[in-house]
Each structure stands twice: as structure tokens, then as C-alpha cells.
Amino acid sequence: MTVHVLVIGGGQNAEHDVSLASAAAVAAALRMGDHTVTCVTIDREGIWRADGIRAGVSAAESLALVMPLIAQADVVFPAVHGAPGEDGALAALCALAGVRVVGSGLRAGALGMDKWATKLVADAVGIRTARGRVISADDIGDLEFDDVLLDGSRSGGAVVVKPVSAGSSHGVALVREEAELLPALRAAARLDRRILVEEVVRGREIDVAVLCEAGGIRWAAPPLEIHAEGLFDTATKYDGTARFTVPAQLAADELTGLTRAALAMFDALGCGGLARMDFFLTDEGPVLNEVNTMPGLTAASQAPRMFAAAGVAYPDLVARLVKGAKVPGALGP
């Protein structure tokens with residue numbers, strides 16, 4: 001039976017272009033199989049764009065006009081990275097409409113997008129994270145470098161500054177001296193009024209992707225290692241200078257530890273569909289960096305590369321995500 005999938009791309013955030021690429025790749029892959037695909041784009045101003053939606057409408061009007069497309073779809077595939085969208089907003093819309101949706105529900109999306117909340121969940125299930133603190137954007141004018149340094153830090157007087165809720169490393173900076181602090185805080189504040197300051201963790205950067213199949217079976221793909229000079233920031237992610245090794249070369253105990261931690265976070269957050277867990281692998285074991293409940297989804301993106309290494313080709317991965325879609329509960333995955 002042909003499945004009608006509504007693919008949503010774009011979004012009102014700094015990851016707009018990346019989301020467009022993911023949505024286009026997903027739509028193309030689905031059209032190769034037994035799927036009918038309709039595409040909708042959320043533009044940078046929050047206006048929903050689709051055939052038949054006239055120019056000049058407001059965000060609310062455009063959403064009202066696109067609701068029949070959501071109602072007619074068997075499955076909604078929200079290939080939107082960042083907030084609003086990946087934070088559970090689109091899953092909540094589908095839950096209210098009673099439509100099956102690919103990926104995590106409201107709770108997991110909201111917790112996964114909030115890096116501070118993710119830390120609290122990780123701590124509760126015994127997974128290490130970098131020590132850090134949250135600073136309000138309203139307070140940055142009164143801060144000095146010593147105010148943000150963490151007592152007992154082993155990072156040599158350096159800290160990482162990042163927005164609490166943003167993706168693709170937008171607004172992330174390594175601060176080594178006082179002159180760099182205020183510009184870094186201001187850059188992060190342009191994306192979120194809450195700013196996370198963390199100690200620098202020294203270790204290998206290893207990603208683990210987890211897939212929840214139809215029926216609830218979830219499993220982790222072979223991990224991927226990121227090789228980059230310095231901070232793996234937005235520019236490095238997309239300028240081609242970073243190198244990836246998949247499967248990552250790991251000892252048996254390292255692989256076991258990373259896989260267990262990734263599955264534990266997937267379960268603790270209540271994730272669904274596909275999620276990517278980013279770790280630092282240190283001498284003391286894995287340290288969770290962040291969680292992506294809707295990671296990049298082109299064939300060249302990190303999560304699809306990991307599943308390709310497990311023998312799951314990109315079109316098959318996308319089809320599995322659609323097959324596993326369900327109507328999310330108000331607070332469930």
C-alpha cells in the first residue's frame with residue numbers, strides 16, 4: 001500500500017539551510033520507494049510555504065492553510081533541525097492532529113534541545129557530562145572572566161560558551177582569555193537568552209546513532225569518530241575540513257561503554273525514531289556532549305553514515321523511520 005508522507009523542511013532558525021537539505025534528501029529517498037510525498041517548507045520568518053498558499057499571509061494563516069495537508073498525510077516527517085521544530089513543537093502539532101509522526105515526541109524533543117536539561121537527565125542515569133553553569137543573557141554585561149571559570153577545572157583556564165538551545169554548533173566558542181569572553185557570550189545570546197558555560201573536555205569525539213524500529217526495538221549503529229583541528233564548530237562541520245572514521249576504531253570496552261550510554265540516554269529522554277548522541281571519549285570513559293533528536297539527514301550526514309556502515313542504505317533508513325512513525329502522546333515519545 002502506498003504511504004502518503006508529508007515532509008517538512010526549513011525552519012525559523014540558524015539551521016534553516018541544513019534542514020532544507022535534509023528534507024530534500026528525505027523526499028527524494030522516499031520517492032524511490034512505495035511512498036507518495038508532499039513537501040512543505042517553513043521559511044525564515046515562520047511562514048509555511050506550499051503549493052496553493054498565497055503570498056502575504058501571516059504565520060498563523062499559513063499554518064491554517066497547511067493543516068489540510070497534515071490531515072491528509074499518513075505520516076508527517078519533520079526534517080527540521082533546531083527550534084521551533086526539533087524541540088517537540090512539530091511533534092506536538094501532530095499529536096494534537098492525531099497524525100503519525102517520524103521521530104521523538106514533545107518531551108524528548110524539548111529535553112534534547114535543552115542542553116542543560118540534557119545534563120540533568122544524563123546525571124540521573126549515571127552518564128558523565130562536562131561541568132558547567134547557565135548564565136542569563138541579562139547578566140553578561142556584569143561578568144568578568146573569573147566569574148565564569150569553574151572551580152577545579154582541568155581545562156587550563158579555558159571554557160566553552162554555547163547557547164542552551166541551538167544546533168549545528170551555532171553560537172559555540174572556545175574562550176581562552178578575558179578579551180574573548182564578552183563577544184562569545186553576546187554571540188550565544190543572539191540565539192538563546194540562556195547561555196551554557198562548560199569546562200573543556202579533552203578526548204576523542206565519538207558519535208553514536210540510535211534507531212527505534214517499528215515494534216519498539218532500538219539499536220545503535222557503529223560509532224563514528226570526528227577528526228578536526230580545534231573546535232568542531234559550524235564552519236568545520238560544513239566546509240569539508242573535518243574527517244570522519246566509521247566505524248570508529250575502538251577497544252571492545254570502549255564500544256560497549258559508548259553503546260550503553262547512547263541507549264541509556266535514548267531511553268531516559270524517551271526518544272523515538274532516530275537520535276544521535278555525541279560523546280567525548282576520555283581516559284575515564286564517555287562524557288556526553290549533546291543529543292540530537294532530529295540529526296542531519298542527508299546521505300552524507302553523520303547518522304546515515306553510521307547506519308550505512310551497519311548495512312542499512314540511506315533509502316532503507318528513511319523508509320524504516322516512516323514505518324516506525326506513530327501518533328505521539330501528549331508527554332510520551
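# Exercises on helix packing and sheets

Helix α5 (residues 115-124) packs against helix α9 (residues 252-269) at an angle of about 110 degrees, and their axes are 10 Å apart. This is a predicted model, where local features need pLDDT of at least 70, side-chain atom pairs count only at pLDDT 80 or more, and totals for chains, interfaces and linings use all residues. Residues are numbered from 1 along each chain as its sequence is written, and side-chain values use heavy atoms, with hydrogens and water left out.

## Exercise 1: α5 and α9

Task: Describe how α5 and α9 are placed, and find the residues that meet.

Solution. Start with the words. Helices (H or I, at least four residues) and strands (E, at least two) are DSSP runs, numbered from the N terminus. Axes are lines fitted to C-alpha atoms, for helices over the stretch in contact, and angles run from 0 to 180 degrees between N-to-C directions.

Next, take the angle of about 110 degrees. Angles under 35 degrees count as roughly parallel, over 145 as roughly antiparallel, 65 to 115 as roughly perpendicular and the rest as oblique. So α5 and α9 are roughly perpendicular to each other.

Then look at who touches whom, with contact meaning heavy atoms within 4.5 Å. On the α5 side you'll find Thr 118, Val 121 and Ala 122, and they meet Met 265, Ala 268 and Leu 269 in α9. Sorted by class, the contact has five nonpolar residues, one polar and no charged ones. (Ala, Val, Leu, Ile, Met, Phe, Trp, Tyr, Cys and Pro count as nonpolar, Asp, Glu, Lys and Arg as charged, and the others, Gly among them, as polar.)

## Exercise 2: the mixed sheet

Task: Work out the strand order in the sheet of five strands and follow some of its pairs.

Solution. First, the order: this open sheet runs β3-β2-β1-β4-β5, with mixed pairing. Two strands pair if DSSP finds at least two bridges between them. At the edges sit β3 and β5 (100-101), each pairing on one side only.

Now go pair by pair. β1 (residues 3-10) and β2 (residues 35-42) pair in the parallel sense over eight bridges. Val 3 has His 35 in β2 as its bridge partner, and Leu 6 has Thr 38.

β2 also pairs with β3 (residues 48-49), this time in the antiparallel sense over two bridges. Ile 42 stands opposite Trp 48 there. These two strands form a hairpin with five residues between them, and Gly 46 in the turn has a positive phi of about 85 degrees.

## Exercise 3: helices by that sheet

Turn to α1 and α11: they pack at an angle of about 90 degrees, with their axes 9 Å apart. That makes α1 roughly perpendicular to α11. From α1, the contact uses Ser 22, Ala 25, Val 26, Ala 29 and Leu 30; from α11, Tyr 314, Pro 315, Val 318, Ala 319 and Val 322. Count the classes and you get nine nonpolar, one polar and no charged residues.
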